[in-house]
Amino acid sequence: MSETAPPIISVQNVTKRFGSFTALENITLDIRPGEIFALLGPSGCGKSTLLRIIAGLETATEGHIMIDGQDMAGIPANKRPVNMVFQSYAVFPHMSVADNVAYGLKLERLPKPEIAAKVEEALAQVHLSDFAHRKPDQLSGGQRQRVALARALVKRPKVLLLDEPLSALDAKLRDAMRLELVKLQESVGVSFVIVTHDQSEALAMADRIAVLEAGRLRQLDTPAGLYKQPVDRFVADFIGSINMFAVIGQHDGATQAETTLETAELGRVRVSSARLPASGQGGLVLAVRPERVKLADAPPESADAIAVAGHLGDVAFQGNSSIAEILLAGGASLAALVSEKEADRLMQAESGSPVTAWWRADDMLILPENALSSGG
Ligand SMILES: Nc1ncnc2c1ncn2[C@@H]1O[C@H](COP(=O)(O)OP(=O)(O)OP(=O)(O)O)[C@@H](O)[C@H]1O
Ligand SMILES: [Mg+2]
């Protein structure tokens, strides 16, 4: 992947309206050559619509799509240097694997030997060379998925667009196919744009992720960037799990460098004013990941620790770690990720025993409800 090369796809101020409904609002983003780029967001946020606009299956109401430096306005889907693998990857049941893959090339009336060579190469890329003469109903779900991939790759697109490519597979196969897709992308070297509503899929596969919500781009970053520095409550909540506390009061601190934030669960918390978000709307939340929460019998001495007293709730076993639930006054709870050893100790303890949860102030995020300024 190249960070300095010109983008292979540039989405510029794209808005899409269906009647009075705005499915996409002023989306601008670049996709780099050779990267796996994920469009992530909840159902209905506009992911497939954006992919279809890039593919030329839908037209933007406003804005432009540039592919490899060329404006795609007026260029039909079959003339664009991209290929799409659909949400439900339909393969032709009556055709052999090889004929399925050859189908698009036959439509283009390429010479037979050329078709045969390209089909062979594409089948090798997805490890289906030995299955060329089978019919789709003689294949597993994962193998059928690979036929769909080969059919898209055989046209040598500059970008492969994949709409929920793994959603038709069961959980175990989905995990295996994630790795396979990443390897395939590395070997063919073309950019993949993958649509998914599954954050773990996006985190596992993508070089960069665009998080969409209700037709708007909330954040574009690497998986680690989204996890460590989510721009707002929505992204923090959508990527991984996180404890959040709504800020109900904001007061001046002892000095200008300090601000006191008040939440129902934590009481008053002193934070560095420099850490307050510069923009956003809809109030603030304090947030801390479960793996940053430590458990102790008493509040730590450290001045930069934020501590809250609670009672031990359920401990959910997860293998080499567990999630301990800490019940706070007022009915709230928080989750702490604990080691196998600590989980053993907690499970010996009586449910309801008093416990202090604490974390370092630096490990706590201060986030706006919504990072987008209203209307902008
Ligand atoms: N042709 C259409 N006419 C009217 N509304 C549409 C049309 N296509 C999509 N929409 C609406 O636009 C919004 C975005 O749809 P889209 O298919 O892009 O969502 P998505 O993010 O892919 O969701 P999912 O994860 O469920 O596939 C939805 O509210 C959908 O109902
Ligand atoms: Mg969709």
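This is a predicted model: local features need pLDDT of at least 70, side-chain atom pairs count only at pLDDT 80 or more; totals for chains, interfaces and linings use all residues.
Local features were considered at pLDDT of at least 70 and side-chain atom pairs only at pLDDT 80 or more, whereas totals for chains, interfaces and linings use all residues. Residues are numbered from 1 along each chain as its sequence is written, and chains are lettered from A and ligands numbered from 1 in the order in which they are written.

The secondary structure of the protein chain comprises nine helices and 20 strands; helices (H or I, at least four residues) and strands (E, at least two) are DSSP runs, numbered from the N terminus. The C-alpha trace spans about 80 × 50 × 40 Å along its principal axes. Of the 376 residues, 38% count as buried, a residue being buried if 20 or more other C-beta atoms lie within 10 Å of its own, exposed if 12 or fewer, and partly exposed in between, with C-beta atoms placed from the backbone. Among contacts with a separation of 6 or more, 65% join residues 24 or more positions apart; two residues are in contact if their C-beta atoms, placed from the backbone, lie within 7 Å.

The shell around ligand 1 consists of Phe 18, Phe 21, Ala 23, Gly 41, Ser 43, Gly 44, Cys 45, Gly 46, Lys 47, Ser 48, Thr 49 and His 197, where a residue is near a molecule if its C-beta atom, placed from the backbone, lies within 6 Å of it. Strand 2 (21-31) and helix 1 are the elements that give two or more residues to this shell, and helix 1 supplies the largest share, three residues. By class, the shell divides into four nonpolar, seven polar and one charged residue; Ala, Val, Leu, Ile, Met, Phe, Trp, Tyr, Cys and Pro count as nonpolar, Asp, Glu, Lys and Arg as charged, and the others, Gly among them, as polar.

Helix 1 (residues 47-55) is mostly covered, with seven of its nine residues buried. These are Lys 47, Thr 49, Leu 50, Leu 51, Ile 53, Ile 54 and Ala 55. Just after helix 1, Gly 56 adopts a positive phi of about 90°.

The axes of helix 2 (residues 97-107) and helix 4 (residues 141-153) come within 8 Å and cross at roughly 30°; axes are lines fitted to C-alpha atoms, for helices over the stretch in contact, and angles run from 0 to 180 degrees between N-to-C directions. Helix 2 is therefore roughly parallel to helix 4, a description applied to angles under 35 degrees. In this contact, Val 97, Asn 100, Val 101, Tyr 103 and Gly 104 of helix 2 meet Val 147, Ala 150 and Arg 151 of helix 4. The contact residues divide into five nonpolar, two polar and one charged.

Most residues other than glycine have a negative phi. His 127, in the loop between helix 3 (112-125) and helix 4, has a positive phi of about 60°. It is partly exposed, with 14 other C-beta atoms within 10 Å. Ala 214 has a positive phi near 45° and lies in the loop between strand 9 (208-213) and strand 10 (216-221). Ala 214 is partly exposed, because it has 15 C-beta neighbours inside 10 Å.

Ala 309 belongs to strand 16 (residues 305-317). Beyond its neighbours within four places in sequence, Ala 309 contacts Pro 354 and Thr 356.

Terms used: Angles under 35 degrees count as roughly parallel, over 145 as roughly antiparallel, 65 to 115 as roughly perpendicular and the rest as oblique.
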